[in-house]
2 protein chains.
Amino acid sequence: MGDHTLYLDDLYVGRRFTSGTYRMEEADMVRFAAEFDPQPFHLDRRAAESSVFQGLAASGWYTASVAMRLLVTGGLPLAEGIVGLGGEIAWPKPTRPGDMVHLVRPEIEILLPAVARDFRRKRNPQSPPSFSVFLPWLDFINREPREGE
Amino acid sequence: MGDHTLYLDDLYVGRRFTSGTYRMEEADMVRFAAEFDPQPFHLDRRAAESSVFQGLAASGWYTASVAMRLLVTGGLPLAEGIVGLGGEIAWPKPTRPGDMVHLVRPEIEILLPAVARDFRRKRNPQSPPSFSVFLPWLDFINREPREGE
């Protein structure tokens with residue numbers, strides 16, 4: 001990860017990080033759905049017209065997976081990686097073919113210092129693999145980024 | 001979906017449904033990670049040894065996607081499909097290559113009758129696409145099913 005690798009000492013509540021953008025391609029959406037979420041409204045434009053989505057929509061798990069890609073490949077290159085323990089997830093509206101998506105206001109909201117305290121791998125590279133718990137603020141939006149996002 | 005298609009009238013709290021099993025193949029886990037979660041502990045056995053996982057582990061989003069596959073291809077073939085509005089997700093422990101996974105105790109926990117009330121597509125096929133809100137109880141476990149699961 002080169003010079004930009006981040007360690008726990010570099011994290012703080014309110015720290016912003018960046019996100020790239022990702023274009024939701026119909027072929028990728030359909031390929032994912034065929035493997036993991038084979039329902040007509042994720043697979044076929046015509047069948048999707050008469051569904052609750054009224055048109056082809058990405059599986060929510062494809063959208064979530066793309067969000068993870070944007071997080072991992074974005075501006076928060078943590079030395080030990082990013083591992084999820086869990087969280088809440090919501091899909092307020094469908095993602096469509098051709099949508100450009102990115103993470104909105106990616107920002108660390110909560111950092112648990114009791115967990116983080118003992119891990120200072122940056123200063124002691126011989127210490128065991130370290131981790132902390134933080135909650136990023138992640139929204140996912142399907143338009144071009146605006147200034148400040 | 002043939003004779004087994006289910007409608008809202010068929011749903012009730014406590015209704016059980018079935019789940020198949022799925023073998024987590026290393027090649028599939030790595031392929032998924034390369035596209036959506038490209039971190040060393042999901043991509044490479046050797047690199048994963050020294051990670052927090054102490055061995056190759058599936059991306060949590062791969063595990064979630066496989067769970068969706070088991071739900072969609074299992075014993076709850078809803079006429080209008082299964083669409084997620086959101087929920088909570090947790091990954092209490094890693095999924096490893098070769099693990100056999102299935103849904104444990106798949107059961108409808110909550111059904112919102114106020115939403116469901118007006119939709120009886122089974123009796124009135126001309127009604128618009130219908131939906132209800134229900135919360136399935138879904139645990140995901142990586143061993144062979146036991147009797148009663």
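Keep in mind that the model is predicted.

Let us start where the chains touch. On chain B, 37 residues are in contact with 37 residues of chain A. The size of an interface is often given as the accessible area lost when the parts come together. Between chain B and chain A, the buried area is about 3100 Å², and carbon and sulfur atoms give 62% of that area. If you look at the chain B side, Glu35(B), Phe36(B) and Trp61(B) lose the most area to chain A, together 20% of what that side buries.

Next, look at the contacts themselves. Eight residue pairs, both at pLDDT 80 or more, are in polar contact between chain B and chain A. The elements of chain B that give two or more residues to this side are helix H1 (26-36), helix H4 (60-72) and strand S2 (86-90). H4(B) supplies the largest share, eight residues.

Strand S2 of chain A, residues 86-90, pairs with S2(B) in the antiparallel sense over five bridges. Within that pairing, Glu88(A) stands opposite Glu88(B).

Now for the charged pairs. Side chains of opposite charge can pair when their charged atoms come close. Over all chains the structure holds eight salt bridges, and the count between chain B and chain A is two. In one salt bridge, Arg31(B) meets Glu35(A) at 3.0 Å, N to O. In another, Arg31(A) meets Glu35(B), at 3.0 Å, N to O. Arg31(A) lies in helix H1 of chain A and Glu35(B) in helix H1 of chain B, so this pair joins two chains. Arg31(A) is partly exposed, with a relative accessible area of 40%. Salt bridges that share partners also join Asp28(A), Arg31(A) and Glu35(B) into one network.

Other salt bridges stay within a chain. In chain B, the side chains of Arg45(B) and Glu26(B) meet at 2.7 Å, N to O. This pair links distant parts of the chain, with Arg45(B) in helix H3 and Glu26(B) in helix H1, 19 residues apart. Arg45(B) is partly exposed at 46% relative accessible area, and Glu26(B) is partly exposed at 28%. In chain A, Arg23(A) forms a salt bridge with Glu25(A), and their closest N and O atoms are 2.9 Å apart.

Terms used:
Residues numbered from 1 in each chain as written. Chains lettered and ligands numbered in written order. Predicted model: local features only at pLDDT ≥ 70, side-chain atom pairs only at ≥ 80, totals over all residues. Heavy atoms only, no water. Contact = heavy atoms within 4.5 Å. Buried area = accessible area lost by both parts, 1.4 Å probe. Salt bridge = Lys/Arg side-chain N within 4 Å of Asp/Glu carboxyl O. Polar contact = N/O pair within 3.5 Å; in protein donor to acceptor, adjacent residues only side chain to side chain. Helix = DSSP H or I, 4+ residues; strand = E, 2+ residues; numbered from the N terminus. Pairing = 2+ DSSP bridges. Buried < 20%, exposed > 50% of the residue type's maximum accessible area, 1.4 Å probe, protein only.
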